[in-house]
Amino acid sequence: MTSGTSPDFRDRKPRHGAAPLIERARFAPGDIVRHRMFDFRGVVFDVDPVFANSDEWYEAIPEAIRPAKEQPYYHLLAESEDSAYIAYVSQQNLVIDGEHGPVDHPQVDAMFDGLVKGRYRVRPIHRH
């Protein structure tokens with residue numbers, strides 16, 4: 001019988017469907033964040049522990065700036081200077097941005113109860 005610390009166990013490739021090792025999510029629903037490279041900010045409303053969008057979406061990102069899939073990805077109610085939209089962003093491309101006030105997105109009031117100390121309170125119906 002082989003123990004979990006034997007070289008045979010460590011060298012074995014993961015079975016199909018095995019969950020990848022991921023780092024801990026830095027942001028949570030209600031956090032206000034901004035993109036490191038592009039001029040937009042938003043409020044997190046959902047978190048995927050690893051990439052969970054289409055391959056076509058991922059391949060459309062220029063290779064030079066394409067983030068790794070094995071990290072948390074965040075769904076944002078996002079705003080830029082002239083529009084509001086839903087964004088899907090990797091953890092490596094986000095920084096906290098609560099000090100710059102509320103996010104001007106038409107769906108904020110449907111998901112959140114208000115802004116307290118730079119962070120939105122998630123409505124009870126949206127908690128899981």
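Reader: Of the contacts in the protein with a separation of 6 or more, what share comes from residues 24 or more positions apart?

Author: A note before the number: this model is predicted. Residues 24 or more positions apart supply 54% of those contacts.

Reader: How many helices and strands does the protein have, and in what pattern do they follow along the sequence?

Author: Count the elements, then read their order. There are 3 helices and 7 strands. Along the sequence they run α-β-β-α-β-β-β-α-β-β.

Reader: What percentage of the residues is buried?

Author: A residue is called buried when its relative accessible area is under 20%. In this protein, 34% of the 128 residues are buried. The protein exposes about 8800 Å², and carbon and sulfur atoms supply 53% of that area.

Reader: Is Q71 buried or exposed?

Author: Compare its value with the cut-off. Q71 has 3% relative accessibility, so it counts as buried. Q71 sits in the loop between α2 (55-59) and β3 (73-79).

Reader: Which side chain makes a polar contact with the side chain of Q71?

Author: The side chain of Q92 does, at 2.9 Å.

Reader: Why does F38 count as partly exposed?

Author: Partly exposed covers values between the cut-offs for buried, under 20%, and exposed, over 50%. F38 counts as partly exposed because its relative accessibility is 46%. F38 lies in the loop between β1 (32-35) and β2 (41-48).

Reader: Which residues make the nonpolar surface patch?

Author: F38 makes the patch together with M37 and I65, and the patch has an area of about 260 Å².

Reader: Where is R119 found?

Author: Look up the element first, then the accessibility. R119 is in strand β7, which spans residues 119-122. With a relative accessible area of 33%, R119 is partly exposed.

Reader: Which residues does R119 touch, leaving aside those up to four places away in sequence?

Author: With those residues left aside, R119 touches A28, P29, G30, D31 and G114. For D31 there is a further detail: its side chain makes a polar contact with the side chain of R119, at 2.6 Å.

Methods: Residues are numbered from 1 along each chain as its sequence is written. This is a predicted model: local features need pLDDT of at least 70, side-chain atom pairs count only at pLDDT 80 or more; totals for chains, interfaces and linings use all residues. Side-chain values use heavy atoms; hydrogens and water are left out. Helices (H or I, at least four residues) and strands (E, at least two) are DSSP runs, numbered from the N terminus. Buried means under 20% relative accessible area, exposed over 50%, partly exposed in between (1.4 Å probe, protein chains only). Contact means heavy atoms within 4.5 Å. A polar contact is a pair of N or O atoms within 3.5 Å; within protein, one must be able to donate a hydrogen and the other to accept it, and residues adjacent in sequence count only if both atoms are side-chain atoms. Patches are made of residues with over 30% relative accessible area and no salt bridge: like charges are joined within 9 Å, nonpolar side chains (Val, Leu, Ile, Met, Phe, Trp, Tyr) within 5 Å. Accessible areas come from the Shrake-Rupley method with a 1.4 Å probe; for residues, only the protein chains shown count as cover. A salt bridge is a side-chain nitrogen of Lys or Arg within 4 Å of a carboxyl oxygen of Asp or Glu.
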